[in-house]
Every structure is written in C-alpha cells, then in structure tokens.
Amino acid sequence: MTSDELRTAFLSFFEEKGHTIVPSSSLIPRGDPTLLLTSAGMVQFKPYFLGEALPPNRRLASCQKCFRTTDIESVGDPSHLTFFEMLGNFSIGDYFKQEAINWAWEFVTQRLGLPPERLWITILLDDEESFRYWQEVGVPEHRILRFGEEDNFWGPAGNSGPCGPCSEILYDFGEGVGCSKASCAPGCDCGRFSELWNLVFTQYNQDEGGHRTLLPRPNIDTGMGLERTAAVVQGKTSVYETGLFASLLDNISKYIGKKYGTDDDADYAMRVIVEHGRALAFLIADGVIPSNEGRGYVLRRLLRRAALFGRRLGLDKPFLNQIAGATVGHMGRIYPELEREQNKIYSLIGDEERRFEETLNTGLELIENIMAEWETDRAGEISGVDAFRLYDTYGFPVELTKEIAVGRGLLVNLEGFEREMEKQRERARAARRIVIEEGILTKEGFQPTSLEKDLGELKFVGYHNLSSIAKVVSINFGDVDKIEQGDRANIILSETPFYGEMGGQVGDTGEICGASGQFLVTCTTRVPPDIVVHQGQVTEGSLTVGDEVEAVVDRERRLDIARNHTATHLVQFALRQLLGKHVQQRGSLVMPERFSFDFSHMAGMTEQEGREVQHIVNEKIRQNLTVYDEEVQYKKAIEEGAIALFDEKYSDVVRVVRIGEPVVSAELCGGTHVASTGEIGFFHISGEHSIGAGLRRIEAVTGRQAEAFIERRLSSLTKIASRLATEVEDTLDKVDSLVTELKNERKQRLALDRELSWKIAESLLSQAEVINGVAVLSAKVPSSRLEALREMSDRLREQLKSGIIVLGTVYEDKPVFLAAVTPDLVARGYDAGEIVKQVAGVAGGGGGGKAGLAQAGGKHREKLDEALRLVKSLI
C-alpha cells in the first residue's frame, strides 16, 4: 500500500463512519498566537472543542500537515521528522471510547491487514473502561499494558483546560529489530516498537489548582502518523525507506554521485537534506519566510542545517531547490499550494541559501578555530560570547553551533549565549526608547500603578464622531489633579473621539476645551488594557480632574489619515489580485501625509505592476464603494473570508471593515476609515523597495497629499521643459537627445585629454635624471582626471624602459601623487608604495599600493612642489 493509498483508505474509512472530511489547515495556525506552528490534527478544531464555534459535523476526520520543532536536532536518524502528516478522527461531543477503540482496531487489522499478534496496546493505569473495550475487540490481556500519566495522559494546553487519558496502538517489528534483549517490551526506545496511533479521550476539565471534573460532553482526538504507518504497512523499519522519501533520496543521491545505503555518515547527511528540504517547501508554501525570530527562525535554522550537511557531502553550491522541486513534483497533487507557490519556494530557498553560502566558509573556519582553541586551552565548553558571535556575524543558529560542537565532544554555554542575546535586545530597546520629558508618556508602553484604580467605563466614540462631551478622569496617571497654562501632561477622558495610536495608524491631534482652560492635543496613544491617553500642553487657563470638557479632533488631519488607511485595504486587495494570494500584509504605517504598506513577496515589483496596482486602486476609488464595519465572532469573520494579520492576537468578537457590495475587501481592523472610497480622491505610489528577504514595502499618498505630490512633479517637469526650451510633451525626446550629445562630447573630451596626457608625458622625458644608475622622473602635471596620471605614467614607463616616475597634481583642491616603478627596478628592491607614501607624507597625507604602481593623497596643496623634491633624495 502506497502512502497515497494509505491516506485515501483512512479518510474513506471514516467517511463511511459518518465523518466529514476536512482539508488540512495551514502550518501557520490562524488566530492562535500561542502556537508557533501547527503541530497536531486537532489545532484547527480547537474552537469546536472549546465551544467557541459550531462544527460542520460532530464527527470530523483529516490528514493534517504538521511540524514539530522539538525533533530538529534528531533528524538524520532513521525515524525522526520535523514535517509529517497526521491522520486523525475527531468527535466533538458525539461518540467516545468504545467507538474510537472499535474503529481503530477495525482499521489497522482489517483495512491495513496488520497481524493482531504484532499489535500492543497501552492505557492509563486505572482506565478500566478502555481496558474492557480493548479486550472486547480481541486484544489479549497480556498485550494491554498500563502506564502512568507521564506516558498515557494528555494534559491541558497550559495550566488549565480540557484533558484526558490516552491509549496507544504500537506495532512490534519483532525480535530481529532493536536491542534484542529478552526484557525488551513496549516503552523500550530501541526501535523495535513503533507507535502507530494515539487515541486521546478528552473527558476532564482541569482547573488552575489541578482539580479535574468530568466534561458534560467528552471528546475524541486521535492521531496516526502517516509516515510511520506507511513504514509498517510497506514492511520497512525506517520512514526513509518508504515511498514518501525514496524519490527524494534518489534525487540527492544522483546529484552528489553517491548511492544511498553505502556509507553511514553520507546516509545521515542525505536524510537531513531530504527531510529539511521537504519541510522547507511546505513551510514556504504556507507563508513562512526566513527571519531571526519565530517561524522564520525555524525556517532559517532548517535551511542552514541542511546546507551545512550538504557541505559535508561536498556540495559547495546551492542545491536545496533540488529537493524542493522533487517535493513539489511528488506531493503537489495532494497539496496544490506546493504547485501554486512553487516559484516563491524556489526563489526564497535560492536567495536564502546563497546568502548563507556567502558567510558559511568564514563561519566554518571561525568555528573550527574556536573549537580548536577550546579543546586545547579550556574546559571543553564554547563560551556564550563566541556562540553569539557566530550567530550575530555569520548567521549560525546556536543550535547548529551546538550540534557541530557536540560532534567534537564540546559543550556550548547556552546561558552565556542568552545573556549576549539579551544585551542585544536591550541595545535595540535603548535605541527605540523615548525619554519621558515633563510628564509626557513614552512609546515604551508606560503602565503606572496609579492606573489600577477604577477609572470607570471609558468610551471611544471616534469611529463616527469627531467631537464629544466628556469628563477629565485622570491627569498624569493620577499624579496631579490640576494643570495650568504651559504644563505638559497626559489626560484621560471618560469619553473620547480621539483615536489612540494602534495597528500602524498614528494617533489623532486636536483640542480639549473646558470652561476654565484649553489643552492642545499633540499626540494620542494607548496604555493597557486599552486606555486612550491624550498628550499635549495647556495653552490657556487650567484643567482639573472632574472638569466637563469638549474633545475635538482635528478634522482635516483625521480625514487624511482615514483616506490613507482605507487605501491600505485597497492596496492589499490589488496586490493579491495582481501578484497572487500569497501576498500577506506584514505591517503598515498610516500617517496624514503618507502611508507605507509592507507585504510578503519575493521579487521587486516591475514598473508595469506598480502602474497596475495604481489602476486597480483608483478604479475602486472612482466606483465610490461603501465602506462599513460590523462586530462579529472571530471564527465567523474568518469563515466568511475576512483577512487577519498573522501573529496578531484577536478577541472573540472582532471588528470587520468591509468595502463594497458585493464585498471587494474584508479585513479585521480597528482603525478609522472613510465612509466611501470616493472620499480618498486619488492614489499614487511614490516608492516600492525591499525591507528584507521576501518582504517589500509600498509607499504611497492619497487625497490632498497625492494632489500636492502630482503638482510638485508637474511643476518640476514644466520647469525642466522651460530650461530645455521645449514643450512638456517633448521633454523626454529633448533629454534623450541631450544625453546622446553629452555622451559624444564626453568621448571626444576623453580622447583629447588622453592625447594631451601623452603629449605632456613626452614633454617630460627630457626632465628625467639618472641617480645612482636609475632614471628618475619627478614632475608636477596639470590634470582634470585622476585617470590621466596613470595614462601618463604608463606612457613614460613605456618610453623610459627602465626608471622610476613620480607625478603630482592638484585634484579637487587636494594634492594627489602617483608613483610607478618598472619591473626591472622592482626586482632590485624599489617599491612604488613606499616611495609614494613618504612623498605624500610631506603634504600631510598617505597612501600606498603595489611595488610597481601606487597612489596617495595629501591635505596641503601648497606643499606639492616640496613633496616632489623629496623624490631624488629618496632614490
């Protein structure tokens, strides 16, 4: 049975049992920032298990793409994987232990045809219910083993939540595999027993104190590793011997010219390469890009580990796209995202691998030197400082350094490494930190303890109002009750139309006016949990806690911001339509003057693509589409196609901003927007550039600023046309004509300069003197080009045949010297570099070069002649 047949057999079996087959979700968990990557089949069903959403069916089954980082350093042995497929069946408050056990046994013994005598069962010590059901399906008592909670209980995610016992089906490869000890039994890690299927019976809820109570509706969550099961049904003892890896290993074997299975060290390296190469393709297809943190760090670590093992096989050029391509060819039919994103996969892997190759040689040489030093002089441990230097300068993940070091019997001081990392983070924080001046809040997120007091209900009304009546509830976080003219302060109001900086959108400005004073708001920020803080200065009179005031937002500025924010949504729509659905927003900055939009894409946009984005956005602006918002359940919003930012944590109820009917754009967003796209007026891209591997940034303007931008450009164009004495429409032709003319003039001038240089050189020949049998020529020459000095020296060496030439000139008001020595005199020990260095020293400068030709500069042009006079005495 092939792996494809196994996958189909499992899903078909449970479909027959009334399960709805659910496609695999992304390796990037949506809406769950607590998870780095999808590591189990139940991840996408978590909202169903927690009662946050209704499932399409209480019986579900899937083949889920999974990734576990815990096994990265173990990959290379015959069994460990980072990326794998998890077959699973799930019950959301429907069936429980008896059905799960019956169907599991039926599938492995009847559908897969595995011999019952090869199968062992493990259960929790006191799970008598499971014990009875396993006996009922025919498993003898001696093959049902009891283990404690450390082996057969799935705890809650965190300190509290759903949990329950589990039961495992293990396959026995027989006495010929593993340690061959008479005592060998399930639980031995020798490889004889392989875990096929884990059945988790979620029947308890555990509180933070560890107390467990029965759930009103218990659930089933099972997981069967496709790769391990494929090995069993195909009669293999290693997942790498199955059809899932055979073509990949064959591919890399042919590429390096070494057959798999003939050399243990080479086999290990090939397993690392094919496993990591396969994982890279899936990670990138699901939107992970290399970085130094989070998922991106995992991706980078995999790639660099694979590249290092490739180097051990003699591969000194990028090669991982070989494996990525084979993965796409082999699995693209099952997972179409591989084929859809293959260009991005190849481009990103190629770029990242080349980038690592640039520092790999130096890094490997350095790590060898470090290890040699520590082996000889120290106590067998690489310091945290050295490990950090390898990471920070040469891109070696500390895990990779540790792996290399372990191979040499050395340890790495990981605590020291973390201390160096923290120092770097603190330097970064210090660079961003804004000092508190005169009571103004910093952007570090100041959380004063005085805010713990009850401020009452604080309302934000700024989505639909630009002014409101409110009370002053806090000044400077409770430190003072009154402020007077000239005081700078932070004010919190009971109700505010001011938008506090959040989600890339800058805060509002405006005024707070009371009967006794006025306060100019220059910035609006937020402090946890979601308190809007108005920062600014009293411009007239005074304000006191408890005063009734009117808060008024700067209308024109707010509208400029709203135009730009709505435009970011249209830009994302246009990019995904034009470049592909892989485009994901990675950040933004929305200001009144302009905005920037960061997105994932491997290549720079062409000029034509930029124009297309502008056309799409401006077309939607001209259509004057309605912009509206609503609050809905997060799960419902995602199911309806709303776009959420990856890595962003959302509450159960979210605000969705939609554009158009039918909907053109729907995004989870807390920012302020125009009421219809026509209010944006006009959109223009002012720039597009890279901000990192696989990340691009568009900078753009809208509305009044777009108008001003275009006016400036047109004004400049009109002035240029006037200077060129032509019409605006003919400016480009006129410029092309002038450029061609200037190129021709420059060529002619260079030719004349070169001819003049030769004539000057020839005129200098008569000034050559013979000193100690050596022809020496030292002269000051006119020159408009530094290249002319070299041309003269070449001509003089050619004419003199044997000699030393030192020329000096003034270029850009500084003295410049060039020394040339013919080869016969270089052989006698004369050195142009030493000569020119001493000559330039007279003029307050220095320089050098090769023994045959060298150049130097000085600071004092008035000492040029004196410096040249030194030449004779030097010779």
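Which residue forms a salt bridge with Lys-65? The views below begin with that pair. The model shown is predicted.

**View 1. Glu-337 and Lys-65 form a salt bridge.** The closest N and O atoms of Glu-337 and Lys-65 are 2.4 Å apart. This pair links distant parts of the chain. Glu-337 sits in helix α11 (residues 336–340), and Lys-65 sits in strand β2 (residues 59–67). The two residues are 272 residues apart. Both Glu-337 and Lys-65 are buried. A search of the whole structure finds 45 salt bridges.

**View 2. A salt bridge joins Glu-352 and Arg-300.** Here the closest N and O atoms are 2.6 Å apart. The pair again links distant parts of the chain, 52 residues apart. Glu-352 belongs to helix α12 (residues 342–377). Arg-300 belongs to helix α9 (residues 294–312). Glu-352 is buried, and Arg-300 is buried too.

**View 3. The side chains of Glu-762 and Arg-795 meet in a salt bridge.** The N to O distance is 2.9 Å. Is Arg-795 buried or exposed? Arg-795 counts as buried because its relative accessibility is 18%, under the 20% cut-off. Glu-762 is partly exposed, with a relative accessible area of 39%.

**View 4. Salt bridges with shared partners build one network.** Its members are Asp-4, Arg-7, Glu-85 and Arg-333.

View 5. Asp-733 is placed in helix α20 (residues 731–764). Asp-733 counts as exposed because its relative accessibility is 54%, over the 50% cut-off.

**View 6. Strand β22 (residues 595–600) is largely enclosed by the rest of the structure.** Why is β22 described as largely enclosed? Because 6 of its 6 residues are buried. Phe-595, Phe-597 and Phe-599 point one way from β22. Ser-596, Asp-598 and Ser-600 point the other way. In a regular strand, side chains alternate between the two faces of the sheet.

**View 7. Strand β22 pairs with β21 and with β27.** Strand β21 (residues 585–590) runs antiparallel to β22, and 5 bridges join them. A hairpin of 4 residues connects β21 to β22. Ser-588 has Phe-597 of β22 as its bridge partner. Strand β27 (residues 695–702) also runs antiparallel to β22, joined by 6 bridges. In this pairing, Ser-600 stands opposite Leu-695 of β27.

Notes
Residues are numbered from 1 along each chain as its sequence is written. This is a predicted model: local features need pLDDT of at least 70, side-chain atom pairs count only at pLDDT 80 or more; totals for chains, interfaces and linings use all residues. Side-chain values use heavy atoms; hydrogens and water are left out. Buried means under 20% relative accessible area, exposed over 50%, partly exposed in between (1.4 Å probe, protein chains only). A salt bridge is a side-chain nitrogen of Lys or Arg within 4 Å of a carboxyl oxygen of Asp or Glu. Two strands pair if DSSP finds at least two bridges between them.
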